[in-house]
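I opened the model to look up a few local features. My notes follow in the order I took them.

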Amino acid sequence: MREVDALPEPDRAGDAPHPRDTAVLFGQDAAETTFLDAWNGGRLHHGWLLTGPRGVGKATLAWRLARFLLTDPPRPAGTLDPPQDHPALPRIAALSEPSLMLLRRPWDEKAKRLKTDITVDVVRRLNGFFGMSAGGRRVVIVDSADELNASAANAILKLLEEPPAQATLLLISHQPARLLPTIRSRCRVLRLSPLGPDDLAQAVAQAGGASETAQALAEGSVGAALQLSEGGADIYAALIDLFGAGQMDRPRARKLADACAGRAGADRLDATLAAIDRLLHRAARAGLMGPPQDAPDTERQALARLAPHDAAARGWARLSQQITDRAAHGRAVNVDPTAIVWDALAQIDAQARKV
């Protein structure tokens, strides 16, 4: 077992291959071309912000860019593919390449779990990294920038303002609007889009496979398809059943929340919050565009009841942000997971009563 496999990795989706081990990036040719054009034109920016929905390949692209930059690419280059026999490749895969630094949520040895954010102590490791790797190209991957706490974000900002020579920072962000405006302004943006059906099917197969139902609900996200296939689809169906017929059944809602209790329910909590977020986003979209035609009848009927007009759509969109913020705060201060989910369900019930 590699050393990097010994502890849970916060930047890995379930049992899928880690992005650094993902062989092919599907459906993001435009982003790749943008980066190659910058390289070939001698205009490589020191900071890149990789944005887009979760699970569409941002981390996979970041690792692809890192491999490209650290394997002596020609200029001009026709592809991001590195030479397969380059000696840096196995070191990059093992996280032992001295010119590469990965910043992600650290392991809390005392609590025996991953911390909820990237701390400033993690970012300060870059001082030694740049000091010891003077000369040559250096690459830093931040996965994800959304998880930087305030002090860590300010430390990254300072680095973006005064970048070391030949340094490239690759910041992954699912919600760039929540980052410091000054961080956004000092980065060039690479926007990744949801995958089309064919690209999604190929990417899901590469990651281990997911059901057709999961892929239909995933909205172009490989990560969402995998999570839905590992129980997330059942949780989403339970939410549709819970809110689709009228007043929330409190005992059933309590059962849904109780399933997330304790450390044993950590994965269930992630899946439940993702399912709640999916419900709110689909309700907001349904209020503007109508329920999706390819959705099952039960979901279409539920969305039609929850979001019959654009005013309801705006309400669900606002609630989505509120629930996301409250859940993130609750997890940061170690609120009981059951209480986090129950709070979210109660807010959805209250909003549904206003429609």
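I started with Gly232. Its relative accessibility is 3%, so I count Gly232 as buried, the cut-off being under 20%. The model is predicted, and I keep that in mind for every entry here. Gly232 sits in helix α9, residues 222–243. I then looked for what lies around Gly232. Leaving out residues up to four places away in sequence, Gly232 touches Gln227 and Ala275. I also checked Ala274, which is 42 residues from Gly232 along the chain. The C-alpha atoms of Gly232 and Ala274 are separated by 7.9 Å.

Next I took the helix pairs. I noted the angle between the axes and the distance between them, since two packed helices are described by these.

I looked at α11 (residues 266–289) against α14 (residues 337–354). The axes of α11 and α14 are 11 Å apart, and the packing angle is about 15°. An angle under 35 degrees counts as roughly parallel, so α11 and α14 are roughly parallel to each other. The crossing of α11 past α14 is left-handed. From α11, the residues in this contact are Leu269, Thr272, Leu273, Ile276 and Leu280. From α14, they are Pro337, Ile340, Val341, Ala344, Leu345 and Ile348. I sorted the residues of the α11 and α14 contact by class: 10 are nonpolar, one is polar and none is charged.

I then turned to α10 (residues 250–258) against α14. Their axes come within 8 Å and cross at roughly 140°. That angle makes α10 oblique to α14. The crossing of α10 and α14 is right-handed. On the α10 side I listed Arg250, Ala253, Arg254, Leu256, Ala257 and Asp258. They meet Thr338, Val341, Trp342 and Leu345 in α14. By class, I have six nonpolar, one polar and three charged residues in the contact of α10 with α14.

Which residues of helix α4 are buried? I found Val120, Val122, Val123, Leu126, Phe129 and Phe130, in a helix that spans residues 120–132. They cover an arc of only 165° around the axis, which puts them on the same side of α4. I checked the face turned away from that buried side. It carries the exposed residues Asp121, Arg124, Asn127, Gly131 and Met132. What covers the buried residues of α4 includes the strands β2 (100–103), β5 (138–143) and β6 (167–173), along with helix α5 (150–161).

Last, I went through the backbone. I was looking for exceptions, because most residues other than glycine have a negative phi and most peptide bonds are trans.

I found a cis peptide bond between Arg75 and Pro76, with omega about 10°. Pro76 lies in the loop between α2 (58–69) and α3 (88–93). I found another cis bond from Asp143 to Ser144, where omega is near 0°. Ser144 belongs to the loop between β5 and α5.

Asp72 is not a glycine, yet its phi is positive at about 55°. I place Asp72 in the loop between α2 and α3. Its relative accessible area is 62%, so Asp72 is exposed.

Glu219 is not a glycine either, and its phi is also positive, about 55°. Glu219 lies in the loop between α8 (212–217) and α9.

Key:
Residues numbered from 1 in each chain as written. Predicted model: local features only at pLDDT ≥ 70, side-chain atom pairs only at ≥ 80, totals over all residues. Heavy atoms only, no water. Axes fitted to C-alpha atoms, helices over the stretch in contact; angles between N-to-C directions. Helix = DSSP H or I, 4+ residues; strand = E, 2+ residues; numbered from the N terminus. Parallel < 35°, antiparallel > 145°, perpendicular 65-115°, else oblique. Left-handed = near helix turned anticlockwise from the far one by under 90°. Contact = heavy atoms within 4.5 Å. Nonpolar A, V, L, I, M, F, W, Y, C, P; charged D, E, K, R; others polar. Buried < 20%, exposed > 50% of the residue type's maximum accessible area, 1.4 Å probe, protein only. Arc of directions from axis to C-beta.
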